[in-house]
Amino acid sequence: MRGLEILKYRDLIKNLVSRDFKTRYKRSYLGILWSLLNPLLIIIVYTFAFDYIMRIRVKDFPIFFMCGYLPWSYLAASLGLALTSLSESGYMIKAVYFPREILPLSTILSCLVHFLITFLFVFPVLMIFGYFPTWAILALPVIILLQSLFTFGLCLFLSSIHVYFRDIRYILDVILTIWFWVTPIAYPVSLIPDQFLFVYKLNPMTLFVTAYRDVLISGSFPIPRYWLALSIAVMISLALGYFPFLRVKRRLAEEL
Amino acid sequence: MIEVTNVSKKFRIWEDRNLSLKETVIHLLKGRRRPYRELWALRGIQFSIKDGETVAFIGENGSGKSTLLKLLGGILVPDEGKIVTHGKISSLLELGVGFHPDLTGEENIYLNGSMLGFNRREMRTRFDEIVSFAEIGDFIYSPIRTYSSGMAMRLGFSIAMCVDPDILLIDEVLAVGDEAFQKKCLKRLEEFKTSGKTIVIVSHSSELVRKFCERVILLQEGKLVAEGAPDSTVDKYHALLSDKERLPVEERASEEETAPEETGHEIDAVATEEDRAGATEKEEPPAARAPLTPKFERHGTFEAEIVDVRLRNGLGEETDAFVTSERMSIDLKMVFRQDLPDPIAGIYIRKLEDGLFVEIYGMNTKWRDIELGPVKKGERLGVRFTQCLPLPEGVYYLFAAIADAEGITFYDWQENVRSFTIQHQDPPWAGMVNLNSEIEILHD
């Protein structure tokens with residue numbers, strides 16, 4: 001029922017995403033190129049720091065880092081933007097009825113568009129380093145879908161909380177920084193001491209990053225256990241998100 | 001069809017709105033919830049609207065009529081009771097919802113349309129109609145940040161007017177725009193009516209309500225107090241307003257203080273950022289405290305704008321407090337955004353009587369054969385109206401406008417742009433106008 005209602009408003013979702021897309025880089029010279037340049041520069045910086053200076057032993061570090069960092073920045077950008085998607089849309093929420101989850105959802109989708117655009121250089125770079133796509137690439141859309149759902153749950157959670165507690169923004173900044181470093185993005189899991197390994201296993205982003213690397217670098221399907229773990233992570237996240245959201249939704253138009 | 005059964009709605013008024021997480025944690029640790037008061041904005045509302053009916057909600061500010069409209073539109077959820085609606089609903093509570101200045105008029109039409117629940121295909125079939133209704137021509141392909149405020153407003157109207165729902169909810173939005181455009185909107189609404197659509201409006205305009213609606217629902221402090229034919233219900237509303245006016249101010253204030261729970265308040269739903277930032281301790285809905293405080297209202301084509309209004313006393317000092325029979329100057333500063341052949345500037349001094357404005361005095365440049373124009377685009381001009389105030393004690397409101405020579409198109413229309421007070425000064429007199437009698441004793 002709820003899902004069906006969202007479908008009726010798919011044009012609104014489409015228009016909000018395209019509004020965001022069209023206006024984000026309006027009046028900037030390089031425009032959409034920034035979506036490519038920005039991650040590219042970061043990959044260069046990390047490669048310099050971790051590969052050349054700290055000499056982390058990872059085969060083809062730029063590739064390794066890229067396959068972890070791009071999904072990560074998709075998550076981080078979504079959380080950062082969706083956080084205020086409800087609390088800063090008061091003027092819309094108070095004037096018109098539409099399913100409110102559309103607001104965080106369209107924010108994520110617009111981040112997804114930017115994430116997909118980065119694949120424009122992901123594949124060429126992979127091929128330059130000698131990694132050619134295998135049949136495992138078919139799993140990529142599913143992983144992206146699962147990550148988007150996972151992100152959606154968290155975004156629902158954060159945007160609902162933000163309506164009442166503005167401090168969550170600063171907490172999120174701290175959490176994202178910590179989360180980035182406890183996820184094996186800039187270093188391999190093999191470097192983690194055994195006694196901390198359970199932390200990594202509990203971290204859903206480890207699962208996602210590993211899945212992306214399996215598909216893009218190793219060229220193999222993630223093992224079934226991974227799919228199961230990813231699906232559980234998605235379900236937990238959606239449950240976690242809908243719980244506060246359904247409570248906040250009722251009074252949203254009056255509390256903003 | 002709309003069926004409202006025993007609906008109540010309460011609002012939470014947070015005692016201290018800007019509680020931070022730290023304070024919240026302390027609160028939670030102490031086992032307390034954030035403190036708030038509950039105010040019933042609507043209590044036990046019951047009515048039904050048949051398909052094809054045109055109904056108006058009237059009532060003072062804070063009576064709950066906008067809240068009711070939002071409940072019908074699904075924007076708010078009732079705390080008690082049930083609302084059942086059949087058919088596609090469009091809420092026109094605000095114009096141009098979701099408009100983005102960097103998008104073209106065309107893109108904004110689709111965006112705004114989808115927000116009102118109409119998909120791209122449905123909007124495409126109405127596209128030409130919307131553009132011609134808005135009278136903005138090729139500007140439709142330019143970003144709306146390049147529009148004049150009048151153009152953006154007309155575009156918002158046109159989308160609202162060209163959509164095709166079964167039930168149309170309108171909150172006051174039609175009260176803006178120049179007169180010609182308003183007429184067009186009214187005509188459009190008449191078409192809606194004849195095509196059998198259900199229309200529910202909230203309006204302050206008794207005239208519109210009488211002329212346009214088939215049934216009127218009168219709300220007072222969150223309760224439905226009357227329902228029926230437009231004429232009789234509007235009369236009841238006016239009677240209610242004048243009753244309230246006649247009560248001395250002190251009595252009214254104490255009444256509200258002793259029974260705050262009983263009074264239905266409506267939270268000003270369009271609180272701005274500043275409102276929220278400024279509100280710390282009490283979030284008292286301002287409208288509920290002073291129900292008759294007239295709002296500043298502005299509309300027009302903005303081809304000319306009044307950018308500054310100043311009131312001066314006989315000594316040339318700026319003030320808003322005058323005494324009977326004092327000289328007052330009203331200085332208007334105007335900027336012309338277009339070449340205009342023959343603009344006229346005018347003022348009205350008005351007063352509230354029984355909740356309605358009474359025009360005390362009006363004057364304009366045309367009646368005195370003073371020609372402002374022709375003016376060039378970008379030109380600035382000031383006009384001073386100087387007059388005596390042989391008027392009784394009270395609060396007066398100034399209305400100022402710039403219009404074309406015929407007084408049909410208003411370039412800028414500013415209602416209640418200033419208010420000022422007049423106090424009695426000796427010697428005493430009685431009545432509405434100080435005719436300043438000369439009294440002689442005649443010995444026969």
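Tutor: Gladly! Let's begin with a term: a residue is buried under 20% relative accessible area, exposed over 50%, and partly exposed in between, with a 1.4 Å probe and protein chains only. Strands (E, at least two residues) and helices (H or I, at least four) are DSSP runs, numbered from the N terminus. Here, seven of the ten residues in strand 14 of chain B, residues 344-353, are buried, and the strand is mostly covered.

Student: Before we go on, what kind of model is this?

Tutor: This is a predicted model, where local features need pLDDT of at least 70, side-chain atom pairs count only at pLDDT 80 or more, and totals for chains, interfaces and linings use all residues. Residues are numbered from 1 along each chain as its sequence is written, chains are lettered from A and ligands numbered from 1 in the order in which they are written, and side-chain values use heavy atoms, leaving out hydrogens and water.

Student: Which strands does strand 14 of chain B pair with?

Tutor: Two strands pair if DSSP finds at least two bridges between them. Strand 14 of chain B runs antiparallel to strand 17 (residues 394-403) of chain B, joined by seven bridges. Look for B:Arg350, which has B:Tyr397 of strand 17 opposite. Eight bridges link strand 14 of chain B with strand 15 (residues 356-364) of chain B, again in the antiparallel sense. There, B:Ile347 has B:Met363 as its bridge partner.

Student: How do I read the sheet with the order 11-13-16 in chain B?

Tutor: The order lists the neighbours across an open sheet of three strands, paired antiparallel. Strands 11 (304-312) and 16 (380-388) of chain B are at the edges with a single partner strand each, so one side of each has no neighbour in the sheet. From one strand to the next, the twist averages 20 degrees, an angle between axes fitted to C-alpha atoms and running from 0 to 180 degrees between N-to-C directions. Strand 13 (residues 327-336) of chain B is joined to strand 16 by nine antiparallel bridges, and B:Ser329 has B:Thr386 as its bridge partner.

Student: How many helices and strands are in chain A?

Tutor: Chain A has twelve helices and zero strands. Of its 256 residues, 54% are buried.

Student: How much area do chain B and chain A bury between them?

Tutor: Buried area is the accessible area (1.4 Å probe) that two parts lose on being put together, summed over both. For chain B and chain A that is about 3100 Å², with 54% of it on carbon and sulfur atoms. A contact means heavy atoms within 4.5 Å, and this one takes 40 residues from chain B and 28 from chain A.

Student: Which side chains meet in a salt bridge with an N to O distance of 4.0 Å?

Tutor: A salt bridge is a side-chain nitrogen of Lys or Arg within 4 Å of a carboxyl oxygen of Asp or Glu. That pair is A:Arg250 and B:Asp79, and the count between chain B and chain A is four salt bridges.
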